Number of protein chains: 2
Amino acid sequence: MLSNSSKYAIKAVLFLALNSNEKNKVMVKDISQPINVPQAYIAKLLQALVKEKIISSTRGPKGGFYLDEINLNHSIMNIVNVIDGEKKLNSCMMSLKKCNEEKPCPLHNILSPSRSNILNNLKSKTIKDVIKEVKLGNAFLPL
Amino acid sequence: MLSNSSKYAIKAVLFLALNSNEKNKVMVKDISQPINVPQAYIAKLLQALVKEKIISSTRGPKGGFYLDEINLNHSIMNIVNVIDGEKKLNSCMMSLKKCNEEKPCPLHNILSPSRSNILNNLKSKTIKDVIKEVKLGNAFLPL
DNA sequence: AATAAAATATGATAAAAATCATATTCAAGA
DNA sequence: TCTTGAATATGATTTTTATCATATTTTATT
């Protein structure tokens, strides 16, 4: 459902949400260790996210990655879409092209409600929403 | 979440549930087309399911694959476990080893209930249950 | 301006999943 | 018991995903 790459990207963004801002940028090498993802790998993912303006960055000394106020309001789904593409999550769980609410495949009624629920959550929850949970102590870090 | 292979296997088993029994076996070549999966591929998956006694088969003329009464009472989850292995579905959706109900990762509370729901359904629904839906007209085929 | 420190672009390699191919074994019917 | 039709065992190939490596570009500092 979610690729490894998407999960890594989410972890990295959440880490940035908690540990960066316009004034305090974070370098890849300081991200990769705490979130436990190889540096070269997460670097590539972060670059993709920058290109799509999900996160921000500057190069050179004092440079690094960070989230600004706009970035914080992106949904988790936006991250996934950049990394995995739009299609992956939007197809029938059984991958039947012809399957839809009108003509549900045999597993549709079993899987569909939970699945929609997940998708709706990923769409509606912003980065900010998620880290709020962490700060309230309802969830934990490090990732 | 579910691999392609698992989905194919589920489709094949449901097809067999509707179109076979001890007396009327179905050959791979007559399965692959209607469920729209390459013959050599589905053959391999079916063989794995036979080995684990999720479905039945006999070779030679008049041979083929079929489900008996016992097979019909297996859960969908049993199919998935044979094809994908047990672990895949039982790990945190964010793949954090340390994540659990006590110490939920930031996405745990968002994803977990829906996820459990899907798993419980896959565990409790038998092949028979699912095809009943089809026969009642609440779901459609072909796959 | 020169230097150094960071991201960026690009692409190579490795591992896993999906797909394809075929020789072997077993069962039924002539 | 011979032949034929089926699954089975085995493994090769292709594609996708994950991972690693590095030369280039940009920016801050001296």
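Figure 1. For the complex, the predictor gives an ipTM of 0.81 and a pTM of 0.85. Because this is a predicted model, local features need pLDDT of at least 70 and side-chain atom pairs count only at pLDDT 80 or more, whereas totals for chains, interfaces and linings use all residues. Residues are numbered from 1 along each chain as its sequence is written, while chains are lettered from A and ligands numbered from 1 in the order in which they are written. Chain A contains eight helices and two strands, taken as DSSP runs numbered from the N terminus (helices, H or I, at least four residues; strands, E, at least two), and their order along the sequence is α-α-α-β-β-α-α-α-α-α. Of the 143 residues in chain A, 41% are buried, that is, with 20 or more other C-beta atoms, placed from the backbone, within 10 Å of their own.

**Figure 2. Packing of helices H1 and H3 in chain A.** Helix H1 (residues 4–19) of chain A packs on H3(A) at an angle of about 75°, with 10 Å between the axes, which are lines fitted to C-alpha atoms over the stretch in contact, the angle running from 0 to 180 degrees between N-to-C directions. H1(A) is therefore roughly perpendicular to H3(A), a term that covers 65 to 115 degrees. Ser5(A), Tyr8(A), Ala9(A) and Ala12(A) of H1(A) meet Tyr41(A), Ile42(A), Leu45(A), Leu46(A) and Leu49(A) of H3(A), contact requiring C-beta atoms, placed from the backbone, within 7 Å. This contact of H1(A) with H3(A) comprises eight nonpolar residues, one polar residue and no charged residues (nonpolar: Ala, Val, Leu, Ile, Met, Phe, Trp, Tyr, Cys and Pro; charged: Asp, Glu, Lys and Arg; polar: the others, Gly among them).

**Figure 3. The surface near DNA strand C.** Among the 27 residues around DNA strand C, those that come nearest are Met27(A), Arg59(A), Asn4(B), Pro38(B) and Gly60(B), a residue being near a strand if its C-beta atom, placed from the backbone, lies within 6 Å of it. H3(A) gives the most to this surface, with six residues.

**Figure 4. The surface near DNA strand D.** DNA strand D is surrounded by 27 residues, of which Asn4(A), Pro38(A), Gly60(A), Arg59(B) and Gly60(B) are the closest. H3(B) provides the largest share of this surface, six residues.

Note on methods. Parallel < 35°, antiparallel > 145°, perpendicular 65-115°, else oblique. Contact = placed C-beta atoms within 7 Å. Buried ≥ 20, exposed ≤ 12 C-beta atoms within 10 Å, placed from the backbone.
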